[in-house]
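Let's walk through a protein model together, one step at a time. Keep the structure open beside you and look up each residue as we reach it.

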Amino acid sequence: MSIFTEAIDLLVHPPGDLVYFLVTLFALQQALLPAALAHRTAPAAVVPRRWLWALVGMLAGRAVLIILGLLGLADLLAPAIWLPPVERLIEIVSITLMLWAMWGERASRWQSWVLVVLLLAAVSFFAYDLRFWMLQVTQGRAYNATFGAWIWEYAALGLLSLALVSLVLLRFLEWEWALVALAVWLVGHALQLGWSDLSLHVSGWGRLAGLIALPLLAAFVQRLLYGGSSGAIAAETPLESKPGRASAVAISQQLDFKGFQTLFTGIESARELEPALMVASSRLARLLGADLCVVALPATSDPPQ
């Protein structure tokens, strides 16, 4: 366990903590680009839209942590007071947003209401916890030994367990990548709950697990929305079988004209044509039941139409 102890010690003390925030920020940013491109290609698709909003929220949380870390290095605020509860709040909000995005495979209105209730509950407990933590920190206590820290960990374990159960039940495209990421995340919070360092303010095991889980989560989002010939948008309009050499009537019965309309509308409304076509080609191949789809543009000086 010495190697893990040394890794945790690196992540919880400056400047290692700032490096941790930057690495996780970069990992989430790598997932944001395919989510934005997929949403631009098919604005009506639920899965890309939810992942886009979830990743924007997660990135905003990481940006807040970086700002707090920089302010602490500049001695403009006391990191021991603000950073521990804020980091726990952002962790819970990130898990909640990820769970809501995963539910996009079976989207329903009640899921958004559950998201709002969970976010309000997290913010309310943060306000309560911050008030009492400011009284306890003056007594020389570490945040990991407080009642609030245990509540945050139990909440993280509950939400991650719910996400794992939802993932196993849904089993959407590339779900194995998300399974590994969630399992690592869950183990990290379980270790923090059972073997936390009560002399520290931050969740060492949680940070170590996040350093592994968030890049895996970013890879999952990339493969789900922008990888191969089977993306999330195509998954919403699947074909039962490839047309092969069937007659024109049989082919027309299998084609999803609504899917075509959504796809071409996304291309027409895209700000940049070539990236939109790169995303749309794989979706078009899936809609046509083809192994390969090639989009050619004329090499002229005029803007391509």
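**Salt bridges and their surroundings**

The count comes to 3 salt bridges, where a salt bridge is a side-chain nitrogen of Lys or Arg within 4 Å of a carboxyl oxygen of Asp or Glu. Before we visit them, please note that this is a predicted model, in which local features need pLDDT of at least 70 and side-chain atom pairs count only at pLDDT 80 or more, while totals for chains, interfaces and linings use all residues. Residues are numbered from 1 along each chain as its sequence is written, and side-chain values use heavy atoms, with hydrogens and water left out.

Let's start with R62 and E91. These two form a salt bridge, and their closest N and O atoms are 3.5 Å apart. The pair links distant parts of the chain, since R62 belongs to helix α3 and E91 to helix α4, 29 residues apart. (Helices are DSSP runs of H or I with at least four residues, strands are runs of E with at least two, and both are numbered from the N terminus.) Are R62 and E91 buried or exposed? R62 counts as buried because its relative accessibility is 3%. E91 is buried too, with a relative accessible area of 11%. (Buried means under 20% relative accessible area, exposed means over 50%, and partly exposed lies in between, with a 1.4 Å probe and protein chains only.)

Next, find R207 and E87. Their side chains meet in a salt bridge of 2.8 Å, N to O. R207 lies in helix α8 and E87 in helix α4, so this pair ties together parts that are 120 residues apart in sequence. R207 counts as buried at 1% relative accessibility, and E87 counts as buried at 8%. The two side chains also make a polar contact at 2.8 Å. (A polar contact is a pair of N or O atoms within 3.5 Å; within protein, one must be able to donate a hydrogen and the other to accept it, and residues adjacent in sequence count only if both atoms are side-chain atoms.)

Which residues does E87 touch, leaving aside its neighbours within four places in sequence? E87 is in contact with Y20, F21, L65, V202 and R207, where contact means heavy atoms within 4.5 Å.

E174 sits in the loop between α6 and α7 and R223 in helix α8, so the pair ties together parts that are 49 residues apart in sequence. R223 is partly exposed, with a relative accessible area of 35%.

**Helices, loops and surface**

Now step back to the whole chain. It has 12 helices and 0 strands. Of its 305 residues, 45% count as buried. Among contacts between residues at least 6 apart in sequence, 75% join residues at least 24 apart. The accessible surface comes to about 15700 Å², and 66% of that belongs to carbon and sulfur atoms. (Accessible areas come from the Shrake-Rupley method with a 1.4 Å probe; for residues, only the protein chains shown count as cover.)

Helix α6, residues 147–170, has 24 residues. From its first C-alpha to its last it reaches 35 Å, close to the 34 Å expected at 1.5 Å a residue; the expected span is 1.5 Å times one less than the number of residues. After α6 comes R171, whose phi is positive, near 50 degrees.

D75 is found in the loop between α3 (46–73) and α4 (79–102), and it counts as exposed because its relative accessibility is 67%.

Another loop, between α7 (175–195) and α8 (204–226), holds S196. At 16% relative accessibility, S196 counts as buried. Its side chain reaches the backbone oxygen of Q192 at 3.3 Å. Not counting residues up to four places away in sequence, S196 touches W150 and L191.

Finally, turn to the surface. Y128, F132, L135 and F147 form a nonpolar patch there, with about 430 Å² of accessible area together. (Patches are made of residues with over 30% relative accessible area and no salt bridge; like charges are joined within 9 Å, and nonpolar side chains, namely Val, Leu, Ile, Met, Phe, Trp and Tyr, within 5 Å.) Helix α5, residues 109–137, gives the most to this patch, with 3 residues. F132 is found in helix α5 and is partly exposed, with a relative accessible area of 35%.
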